[in-house]
Amino acid sequence: MAIRPILHYPDKRLRNPGKPVSDFGPEFQQLVDDMAETMYAAPGVGLAAPQIGASLQLFIIDVATDDDQASDLRIFANPEIVELHGEVLYEEGCLSFPGVREDVVRAERVRVRAQDRHGNSFELEADELLAIAIQHENDHLVGKLMIDHLSLLKRRLVHRTLTRRAAEGAAAE
Ligand code: NI
């Protein structure tokens, strides 16, 4: 297993939509393992394949954030959100937006269809943090980012902060 570098906004690759997963073979298994290791090391509760430069319809989530909770790793390949209910405001972060936390409006409950790491189809109804994480990660698969959900003013502020930071990082190399 290996930790993969996470792309940070404003990296344009984060805007690439993911292609459907069609091969659940060893390369895919390796990718899923690497994504899990990368997410846990960060640490984060979710990671989408485009965030590590893999243009695939794939994300992983583990909302068992407390140290005393057993891990609850869930793999979503080729996901499709089929139902959305209610509305909730939640302060979100994203591993591609280091240091940024902003309120985003999401549906309170979702029903999602996806395939697990072996390609088996499943359907899941989720609420609370899992529902929010599913919507956030699913956005990544179409190149949509948390910044797109913010007001124009906040969008400009976050854009400016992270663009400056990226420029400083590039200059330091
Ligand atoms: Ni994210």
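In the predicted model, Asn138 is located in helix α2. Its relative accessibility is 19%, so Asn138 counts as buried, the limit being under 20%. Leaving aside residues up to four places away in sequence, Asn138 touches Phe59, Pro79 and Ile81.

Phe59 is also part of an aromatic cluster, in which ring pairs link Phe59 with Phe76 and Phe122. In total, four aromatic pairs are present in the structure. One of the pairs is formed by Tyr9 and Phe97, whose ring centres are 4.9 Å apart; their planes meet at 20°, and the pair is therefore stacked. Planes under 30 degrees apart count as stacked. Tyr9 and Phe97 come from distant parts of the chain, 88 residues apart. Tyr9 lies in the segment before α1 (26–41), whereas Phe97 lies in the loop between β4 (88–92) and β5 (102–106). Both Tyr9 and Phe97 are buried.

A tilted aromatic pair is formed by Phe76 and Phe122, with 5.7 Å from centre to centre and 55° between the planes.

The metal site contains a nickel ion, which is coordinated by Cys94 through SG and by His136 and His140 through NE2. The distances from the nickel ion to these donors are 2.1 to 2.2 Å. Along the chain, the donors follow the spacing C-x41-H-x3-H. Cys94 and His140 link distant parts of the chain, being 46 residues apart. Cys94 is found in the loop between β4 and β5, while His140 is found in helix α2 (residues 128–140). Cys94 counts as buried because its relative accessibility is 10%. His140 likewise counts as buried, because its relative accessibility is 1%.

Notes: Residues are numbered from 1 along each chain as its sequence is written. This is a predicted model: local features need pLDDT of at least 70, side-chain atom pairs count only at pLDDT 80 or more; totals for chains, interfaces and linings use all residues. Side-chain values use heavy atoms; hydrogens and water are left out. Rings of Phe, Tyr and Trp (its six-membered ring) pair if their centres lie within 6.5 Å; planes under 30 degrees apart count as stacked, over 60 as edge-to-face and the rest as tilted. Helices (H or I, at least four residues) and strands (E, at least two) are DSSP runs, numbered from the N terminus. Buried means under 20% relative accessible area, exposed over 50%, partly exposed in between (1.4 Å probe, protein chains only). Donors are N, O and S atoms within 2.8 Å of the metal (3.2 Å for Na, K and Ca); water is not among the atoms, so sites may look incomplete. Contact means heavy atoms within 4.5 Å.
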